[in-house]
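Welcome! Have a look at the structure below, and then let us walk through its charged pairs together.

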Amino acid sequence: MSTKTLGVGILGAGPVTQAIHLPTLARLEDVFSVARVMDVDADVASSVAGRVGAAWTTSVEELLADEEVQIVAICSPHHFHAEQVIAACRAGKKAILCEKPFAMSQEEAEQIAAVSQETGVPIIVGAMHTFDPAWIAARENWGDLLEKVHTVRYSIILPPNPRFEDFATEVVNRPARGSADRRDPDTAHGMVFGSIMGLAIHDLPLVRTFCPDFRDVELLSSIVPDPSGYFVNLRIGDRNVEVVATSNQSWIPEWYVEAIADDVSVRIDFMPSYVQAGSGTATIRRNGETRVFGPTPRNGYEGEWRFLADLAAGRVEPLDVTELIHDLTFALEIADKAAEAARQTAIKEKEAEVIA
């Protein structure tokens, strides 16, 4: 490893690591080098590490003990995130990138905040669109939009992830995907909760920006589309919010966040997750005039990694962990309410079948 670059240790070598982070780090080889890759599957760990000339391990402890590892990227399954973030902080690393969500409860998030403050190790959450140049340009140019917004829409219409992953890289040992009976109440609950915490959570921090009363969440409706996804309508404070995602086989992908007031609106159209083709595009309309920002060559993935480098070098102030906690609790409340509504709908449908 070059002494001029920051050594990265990656916990979890699945599709996100293989198809997103490794290609991004390859474009930033003057800043980062991958020092060690960890995965519980030795074949996956060794194969992925071999692509970048890194060491590999099946042990979290071994990776965190490696002095060549200065930055830790946590790309493991969700329920390991809090434990691994805390361990990386206690290992004295320079900075941590944790994929979404960085915790699965308010209690876990508060433990992370306390340890980060105690150790002085800064944390960012991999909500890549918060670092996207299009989002940053929109925030700098939308003027008084935040005070006037009445409607927020957040929509993701994409083919299944494997189609993008296969174009990005040859994924090693992709887990098999089984079918689920969405008519079962517990399954319906789990599908909606998992979809929101795994997919909607990407841009719920952006949605929260437009909802100053984010603790006042009223669920109006929650529908589970076929074959997967969610159609969720909310009233958050005095704002109407639509959160929608579904998967289809179309090659017309759509991923956008839009905020609308009577005389001004902003819409940010983002690239699909696994497409490394520059930033999103922000369109601001005000009183009949339109301004467009982007796309630019640099995307949000590069933005978050460059921010990590600046954190490690002390060139920028750490993010407010309290805001990260607010983002998490906002997502959890939406996920809980939407998932429980889906469960109750499934129960009613089963009862109707029995009566019939």
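This is a predicted model: local features need pLDDT of at least 70, side-chain atom pairs count only at pLDDT 80 or more; totals for chains, interfaces and linings use all residues.

Residues are numbered from 1 along each chain as its sequence is written, and side-chain values use heavy atoms, with hydrogens and water left out.

The UniProt record, an unreviewed entry, places "domain: Gfo/Idh/MocA-like oxidoreductase N-terminal" at residues 7–126; such annotations may be inferred rather than shown by experiment. This stretch is 45% helix and 22% strand, where helices (H or I, at least four residues) and strands (E, at least two) are DSSP runs numbered from the N terminus.

Side chains of opposite charge can pair when their charged atoms come close. The whole structure holds 18 salt bridges, each a side-chain nitrogen of Lys or Arg within 4 Å of a carboxyl oxygen of Asp or Glu. Here are some of them:

| Pair | N to O distance |
|---|---|
| R90 and E118 | 3.1 Å |
| K148 and D263 | 3.0 Å |
| R267 and D269 | 3.0 Å |

Salt bridges that share partners also join D144, K148, D263 and R286 into one network.

R90 lies in helix α4 and E118 in helix α5, so their pair ties together parts that are 28 residues apart in sequence. Both R90 and E118 are exposed (over 50% relative accessible area; buried is under 20%, partly exposed in between, with a 1.4 Å probe and protein chains only). K148, in contrast, is partly exposed at 34%, and D263 is partly exposed at 27%.
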